[in-house]
Amino acid sequence: PSSTLTVGNSILTTNKKSVKIHSIQNNIHAIGAYAPFTSSGQIVVNDIVASTFIVLLQPTSLLSQQWLAHSFEYPHRTICYYLKICHRETYDENGISTWVSLPLKIFQRLLQNENKVLLYIIVIPVFVLFTFMEHLTSILLLIII
């Protein structure tokens, strides 16, 4: 998450070069802003590659925020791409896609629960399955095309 960046850290540019951060300006928070939905889960802002995903967990070495969010969005991205139905997408009062809103609330409740067993024995394997399915889809498309 951008909130964890400090002066001296490096960030990735569009030409895959690593650039050191020399200064950080005050955070700007906007209410009611929408997160862009991209197939890669990334966006380029001022030649800097950034994630389009929100942060659900405190950063750990065990789970990548980008992987969790990208895996979580696999069914959504797949349906939008192949069925072309996302042009009718709606958003809740927080600007979150209604497609994402309910699963997000369930996931957040699991994260708030002191017992993380459900998180690790159900949610993480489902995300691994989504990752596998995404890679399999990519391979099949390469074979077909």
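Where is Glu 73 placed? That was my starting point today, and I kept in mind that this is a predicted model.

**Entry 1: Glu 73**

I found Glu 73 in the loop between helix H1, residues 65-72, and helix H2, residues 74-83.

Next I asked myself: is Glu 73 buried or exposed? Its relative accessibility is 7%, so Glu 73 counts as buried. The cut-off I used is that buried means under 20% relative accessible area.

Then I checked what the side chain of Glu 73 pairs with. There is a polar contact of 2.6 Å between the side chains of Glu 73 and His 76. I also looked up what Glu 73 touches once residues up to four places away in sequence are not counted, and got Phe 37, Phe 53 and Val 100.

**Entry 2: Asp 92**

I moved on to Asp 92, which sits in the loop between H2 and H3. Asp 92 has a relative accessible area of 14%, so I put it down as buried too. Which residues is Asp 92 in contact with, leaving aside neighbours within four places in sequence? I noted Thr 98 and Ser 101.

**Entry 3: H3 against H4**

Now a pair of helices. H3 covers residues 98-112 and H4 covers residues 117-144. I looked up how their axes are arranged: they come within 10 Å of each other and cross at roughly 145°. The crossing of H3 past H4 is left-handed.

Which residues meet there? From H3 I listed Phe 107, Leu 110 and Leu 111. On the H4 side, I wrote down Leu 118, Leu 119, Val 123 and Phe 127. Sorting the residues of this contact, I got seven nonpolar, no polar and no charged.

**Entry 4: the whole chain**

How many helices and strands does the protein chain have? I counted four helices and four strands. Going along the sequence, I read the pattern as β-β-β-β-α-α-α-α.

The protein chain has 145 residues, and 23% of them count as buried. Glu 73 and Asp 92 are both buried residues.

I also looked at contacts in the protein chain with a separation of 6 or more: 45% of these are accounted for by residues 24 or more positions apart.

For the surface, I noted an accessible area of about 10900 Å² for the protein chain. Carbon and sulfur atoms hold 62% of that surface.

Note on methods
Residues numbered from 1 in each chain as written. Predicted model: local features only at pLDDT ≥ 70, side-chain atom pairs only at ≥ 80, totals over all residues. Heavy atoms only, no water. Helix = DSSP H or I, 4+ residues; strand = E, 2+ residues; numbered from the N terminus. Buried < 20%, exposed > 50% of the residue type's maximum accessible area, 1.4 Å probe, protein only. Polar contact = N/O pair within 3.5 Å; in protein donor to acceptor, adjacent residues only side chain to side chain. Contact = heavy atoms within 4.5 Å. Axes fitted to C-alpha atoms, helices over the stretch in contact; angles between N-to-C directions. Left-handed = near helix turned anticlockwise from the far one by under 90°. Nonpolar A, V, L, I, M, F, W, Y, C, P; charged D, E, K, R; others polar. Areas by Shrake-Rupley, 256 points an atom, 1.4 Å probe, with all protein chains shown as cover.
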